[in-house]
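The overall form comes first, followed by selected local features.

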Amino acid sequence: MFTVEQIKSAHSLVKSGADFPAYIRTIKQLGVSHYEAYVADGHIEYHGTDNYIIRAPAKYEPMNIEEIPQIEVFKSELIVHQQGKTDFLTFIQMCASTGIEKWAIDMDQMTCTYFDKAGNEVLVEKIPE
């Protein structure tokens with residue numbers, strides 16, 4: 001099964017949102033079936049077969065997630081990030097300020113779903129393959 005170190009190595013190649021699809025392909029090959037990334041502190045829970053789960057620890061000091069999502073602002077800023085115009089920390093800060101609590105990646109469906117604090121789906125995107 002995969003390790004946090006293998007995932008960190010793959011993630012080290014991600015410089016912007018434009019690099020994200022290649023990262024997803026790489027960790028899928030490692031055996032990751034899906035994962036949830038939490039905006040508040042950056043911890044991530046990776047899932048594999050047979051209920052295999054590893055947790056990457058928090059990456060930064062906890063930040064506040066806004067209660068009321070600003071969906072249209074989030075969508076427009078997400079596009080900017082996906083074009084490679086912002087770095088990851090800027091993206092995270094934008095998520096927090098627009099009310100995004102986490103995102104979940106499904107490797108089988110190749111989707112990324114963003115959620116607000118109430119657990120509502122804000123946006124479901126197809127990940128380019």
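What radius of gyration would a compact globule with 129 residues have, and what does the chain have? A compact globule would have a radius of gyration near 14 Å, and the chain agrees with this, having 14 Å; the radius is taken over C-alpha atoms, and the globule rule is 2.2 Å times the number of residues to the power 0.38.

The model is predicted, so local features need pLDDT of at least 70 and side-chain atom pairs count only at pLDDT 80 or more, while totals for chains, interfaces and linings use all residues. Residues are numbered from 1 along each chain as its sequence is written, and side-chain values use heavy atoms, with hydrogens and water left out.

**Overall form**

- The chain contains four helices and six strands, where helices (H or I, at least four residues) and strands (E, at least two) are DSSP runs numbered from the N terminus.
- Their order along the sequence is α-α-β-β-β-α-α-β-β-β.
- The C-alpha trace spans about 40 × 25 × 25 Å along its principal axes.
- Of contacts (heavy atoms within 4.5 Å) between residues at least 6 apart in sequence, 46% join residues at least 24 apart.

**Surface and charge**

- Buried residues account for 43% of the 129 residues; buried means under 20% relative accessible area, exposed over 50%, and partly exposed in between (1.4 Å probe, protein chains only).
- The chain has an accessible surface of about 7100 Å², and 52% of this belongs to carbon and sulfur atoms; areas come from the Shrake-Rupley method with a 1.4 Å probe, and for residues only the protein chains shown count as cover.
- There are 11 positive and 19 negative side chains, with the centres of the two sets 5 Å apart. Lys and Arg count as positive and Asp and Glu as negative, without His and the chain ends; each charge is placed at NZ of Lys, CZ of Arg, CG of Asp or CD of Glu.

**Helix α4**

- Helix α4 covers residues 88–97, and its buried residues are Phe91, Ile92, Met94, Cys95 and Ala96.
- These buried residues pack against α3 (71–82), β4 and β5.
- Gly99, which follows α4, has a positive phi near 85 degrees.

**Positive phi outside glycine**

- Asn51, in the loop between β2 (44–47) and β3 (53–56), has a positive phi near 60 degrees. Asn51 is exposed, at 74% relative accessible area.
- Met110 has a positive phi of about 55 degrees and belongs to the loop between β4 (100–106) and β5 (111–116). Met110 is buried, at 2% relative accessibility.
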